[in-house]
Amino acid sequence: MTKNRVEPYFPWPSLLALAMFFAGAASSAEAAEDAPVKVDPAVQKIRDCAFCPELAVVPAGKFTMGTAGGSEELEAATGEGLQLAVTIERPFALGLTEVTLRQYAEFIRQADYKPEPGCRVWNDRWAVDDKANWREPRQPKNPKDDHPATCVSWNDAQAYVAWLSQKTGKRYRLPSESEWEYAARAGTTSPRYFGFNSFEGVSISLACEHANVYDVTGQSAFPFPIPYARCKDNYDDSALVA
């Protein structure tokens, strides 16, 4: 570890992100299967244990939170426009991917945790399915170990970060909205981190190259009455964690 410790975070689906703060000097792993803390100075990555999410260090800095109101040419809705100058005073580390089912299952197993059942699913309409759970979230129908963990409540997320804190000796927490947006923007000022885009009607032609979006694949499975991107990422709902 470097002398100036950083605050690591990692993302959760549905625009939640899990974060952890170094509470003190880096400690050795508590369990035999845990790996020691690893930091790669070249790419500034951190992984506290074998089953912990891999984190990338994000430097402290300033950014403008929010998107200016505009038009389709600016890829911003006319109702938007609230912006705020924000200073991120300390460096932190954000997870490189969503928390996977494999990682979440390790928490369930080791902590003997009983997650809260039920979540909102689509079945001709959005409704709470009390029988849905993290193993059978309904979307996707057959989740694999490398899918993001979904159908996870706020309480479940809090229990997960508390468990990681106990396992690693660090303090994990959920980050603020501004911390999440700062990392997601990656120094950009455009409505999307990959820049401005030429519209094709209501499409966002480059979206599928950068993200799992509501596209032609998703629209064929879930024909919502909303615009969709005229591209295909071949995932009708959540995508495998890359």
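Student: Which residues does histidine 147 touch, leaving aside those up to four places away in sequence?

Tutor: Contact means heavy atoms within 4.5 Å. By that rule, histidine 147 touches Val99, Thr100, Leu101, Pro140 and Asn142, and also Ser238, Ala239, Leu240 and Val241. Keep in mind that this is a predicted model, where local features need pLDDT of at least 70 and side-chain atom pairs count only at pLDDT 80 or more, while totals for chains, interfaces and linings use all residues. Residues are numbered from 1 along each chain as its sequence is written, and side-chain values use heavy atoms, with hydrogens and water left out.

Student: Does histidine 147 count as buried or exposed?

Tutor: Relative accessible area under 20% is buried, over 50% is exposed, and in between is partly exposed (1.4 Å probe, protein chains only). Histidine 147 has 7% relative accessibility, so this residue counts as buried. The chain has 242 residues, and 41% of them count as buried.

Student: What does the side chain of histidine 147 reach?

Tutor: Look for a polar contact: N or O atoms within 3.5 Å, where, within protein, one must be able to donate a hydrogen and the other to accept it, and residues adjacent in sequence count only if both atoms are side-chain atoms. Here the side chain of histidine 147 reaches the backbone nitrogen of lysine 144, at 2.9 Å.

Student: Let's turn to salt bridges. How many does a search of the whole structure find?

Tutor: The rule asks for a side-chain nitrogen of Lys or Arg within 4 Å of a carboxyl oxygen of Asp or Glu. The search finds 8 of them. In one, arginine 102 pairs with aspartate 146, with 2.5 Å between the closest N and O atoms. Arginine 102 sits in helix H1 and aspartate 146 in the loop between E10 and H2, so this bridge ties together parts 44 residues apart in sequence. Both ends are partly exposed: arginine 102 at 45% and aspartate 146 at 34%. A network of salt bridges links Arg102, Asp145 and Asp146.

Student: What separates arginine 109 and glutamate 106 in helix H1?

Tutor: About one helical turn, because they are 3 residues apart in H1. Arginine 109 counts as exposed at 55%, whereas glutamate 106 counts as buried at 19%.

Student: How many disulfides does the structure hold?

Tutor: A disulfide is a pair of cysteine sulfur atoms within 2.5 Å, and the structure holds 3. Cysteine 49 and cysteine 52 form one, with sulfur atoms 2.0 Å apart. The torsion about their S-S bond is about 95°, so this disulfide is right-handed. Cysteine 119 and cysteine 151 form another, their sulfur atoms 2.2 Å apart. That pair links distant parts of the chain, 32 residues apart: cysteine 119 is in strand E9 (residues 119–122), and cysteine 151 is in the loop between E10 and H2. The S-S torsion of cysteine 119 and cysteine 151 is about -105°, so their disulfide is left-handed. Cysteine 208 is joined to cysteine 231 with S to S at 2.1 Å. With the bonded cysteines numbered in sequence order, the pairing reads 1-2, 3-4, 5-6.

Student: Which residues in the largest nonpolar core touch the most other members?

Tutor: A nonpolar core is a set of buried Ala, Val, Leu, Ile, Met, Phe, Trp, Tyr and Cys residues joined through side-chain atoms within 4.5 Å. In the largest core, which has 17 residues, they are Cys52, Tyr104, Phe107, Trp134, Tyr160, Trp163 and Leu164. The elements giving two or more residues to this core are helix H1 (101–111) and H2. H1 gives the most, with 5 residues. Apart from this core lies another, of 9 residues, including Val58, Ile88, Tyr182 and Ala183.

Notes: Helix = DSSP H or I, 4+ residues; strand = E, 2+ residues; numbered from the N terminus.
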